[in-house]
Amino acid sequence: MKEIDLGKGGEPRQQTTDRDRTMTTAQGGPIADDQNSLKAGPRGPVLLEDHVMREKIFHFDHERIPERVVHARGYGVHGHFELTEAIPDLSCADIFQRVGEKTPTFTRFSTVAGNKGSFDLARDVRGFATKFYTQEGNWDLVGNNIPVFFIQDAIKFPDLVHSVKEAPDRGFPQAQSAHDNFWDFISLSPEAVHTTMWQMSDRAIPRSFRFMEGFGVHTFRLVNADGKSHYVKFHWKPRQGLQSVVWNEAVKINGADPDFHRRDMWDAIDAGDFPQWDLGIQVFDDDFADSFEFDILDATKIIPEEQVPVRLIGTLTLDANVDNFFAETEQVAFCTQNIVRGIDHTNDPLLQGRNFSYLDTQTKRLGGPNFTHIPINAPKCPIHHFQQDGHMAMMNPKGRANYEPNSWGEDGGPRENPEIGFASHPEQVSGTKQRTRSETFADHYSQARQFWISQTEVEQRHLAAGYTFELSKCQHERIRLRMLSHLMNVHDDLGAMVAKGLGVSEMPEPATPARAPITDLPPSDALSILKNGPDSFAGRKLGLYLSDGADADLVTALEEAFRAEGAMVAIVAPHIQGVTLSDGTKRAADEKIDGGPSVVFDAVVLAFSDEAGKRIATDKPSQDFVSDAFAHAKFIAWTGAAMPLLKAAGAADRMDGGMIEIDRDGAVDFVKTCRKLRFWEREAGHCQDAL
């Protein structure tokens, strides 16, 4: 009797054949190439007939309801964009014509990988999407806080996101990339190496939405009234300066306040401290594109600001919190396809795929084709068309005519207008239909190396620690070693630091590059956070830990000095009822000590009475308050009565220039000291284990 091979669940296991192992479409058609979209030539546009790409992304967009598949955890804010330099020579877009004109906006910040209930300070790319309600329709600039992306072709987007999301068999980990699936995919996709450099840097754990840059990622076109075209990359430059946290700090913030970024933005706007970003453009022509070391259509590459300076043309101000989170932040629908006359797309294959995907996914999420009727999505300019009916239609054509052309004269509804209507740039396109990737996309390590050498020593240490931590969570050695083989192509120092952190004694062979890396690209200071700090404590928060009997004059001096700087001051106390100061005045507490850890502040002050100082020194949350502030290289001011606590926290015997004994006359000087934001010298000497 023939023995039947049973598989999982007791079902007969079928013998596998080559056909069984062949990837197919949902209709059962075998797939020859799952890596590249169908294009008109290697650098041509993606073709609408690509049924494989469209089916794959269509299914991906419809995987979950009702939250977004990616960027589910977001936070939206109203504001306006004010033009500071008109550019009619570059673009006929109405928004770029009149200096001083203010255009309403809605901006949504987000994480990518986690669900709506995940925490804010995951190590992740941050979405930075702005909807401009212009007089000629809505323009959506849908970008990130990182200027490059993991993949070059949109057909790979479902695979990227599947790899970073929770594993389908176990449903975890959530909002994390530190696991085998993600790094297995990345280590088999060398094009992603450059973006992982940004992801493992402190860019992926920003201190606040207010302190991060934004990028349009792709190369777009600007087109003027004469039809002349220039290439453009969009940048958001924060007037508040750049700032991030360290990893150990991020982990503890997520435990103390998983809504840290949301609360920070709400509090700043509620207090009238409106964050601002300057809109910058990098403009270049075909001659530059032809001479540039890399392909301008490759979304895994930047154009260094030293080669094409960023020209600032306007300012975004966020000045109003939403009235209803669901109606506005949850229902806002951004689409990269939403452009206006004077702005146009390029043949970037990632952008072309996004143009399909965003419209499709918003239709799924919001129930049908009429999501533009929802107030947060509706244009603020007149709307005239013959679109009708559908799920939840809020408006339909009036009168007899619902089609065109028609012969009903003035009652016949709107007509096309070639003079002011949108017209695509008449780029000549030709090529053989094929699934391929241009050879100009083949360099995967050169700009990753440039990013590494552009960082300060502190940032390089953090970046290497990021890789080390993430790869240490991979259970399979082959994945760790494969990723290490890519890092060796980026820079020897990076590879050595990560190998040491992982305990790898025998280095693997470097991965074979598709194209030999360029090793003499110069550093770019624009790529460093610490080289672009604010030199100000404005917009930051001081944690003022007080006890009963604390010096009232010192407290008043600190509050006045930091608020004059434009900073926020929060009082932390042993009890939420607050404290009674030395002059008998009472101060309410913003946080009880175990609910207001130092990780949620940018600098701290310890001001106690002698009696309270001895008692507080035995309190574990108070010890953590100091030890964490010390470990995270924050500036710490203290009065003499805090010495017992400093000793108990292990900081007294490691005094350094970031720890300052203070009295009522030292408040202004302490503000000036805090403008550096961190005392990084301490980290190098004492705290590498905490990073």
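## Crossing of α14 and α18

In this predicted model, helix α14 passes helix α18 in a right-handed crossing, a term for a near helix turned clockwise from the far one by less than a right angle. Helices here are DSSP runs of H or I with at least four residues, and strands are E runs of at least two.

Contact, meaning heavy atoms within 4.5 Å, joins Ala557, Leu558, Ala561, Phe562 and Glu565 of α14 to Ala667, Val668, Phe670, Val671 and Cys674 of α18. These residues divide into nine nonpolar, no polar and one charged.

## The largest nonpolar core

The largest nonpolar core has 54 residues, a core being a set of buried nonpolar residues joined through side-chain atoms within 4.5 Å, with buried meaning under 20% relative accessible area (1.4 Å probe). Phe150, Trp183, Ile186, Met197, Tyr467 and Leu494 touch the most other members. The elements giving two or more residues include α4 (193-200) and α11 (457-472), while α12 provides the largest share, five residues.

Beyond four places in sequence, Leu494 touches Met197, Trp452, Leu463, Ala464, Tyr467 and Leu487.

## Asparagine 144

Asparagine 144 lies in strand β5 (residues 137-144) and counts as buried because its relative accessibility is 9%. Among its contacts beyond four places in sequence are His71, Arg126, Phe149 and Glu213.

## Basis of the values

Residues are numbered from 1 along each chain as its sequence is written, and side-chain values use heavy atoms, without hydrogens and water. Local features need pLDDT of at least 70 and side-chain atom pairs pLDDT 80 or more, whereas totals for chains, interfaces and linings use all residues.

Notes:
Nonpolar A, V, L, I, M, F, W, Y, C, P; charged D, E, K, R; others polar. Buried < 20%, exposed > 50% of the residue type's maximum accessible area, 1.4 Å probe, protein only.
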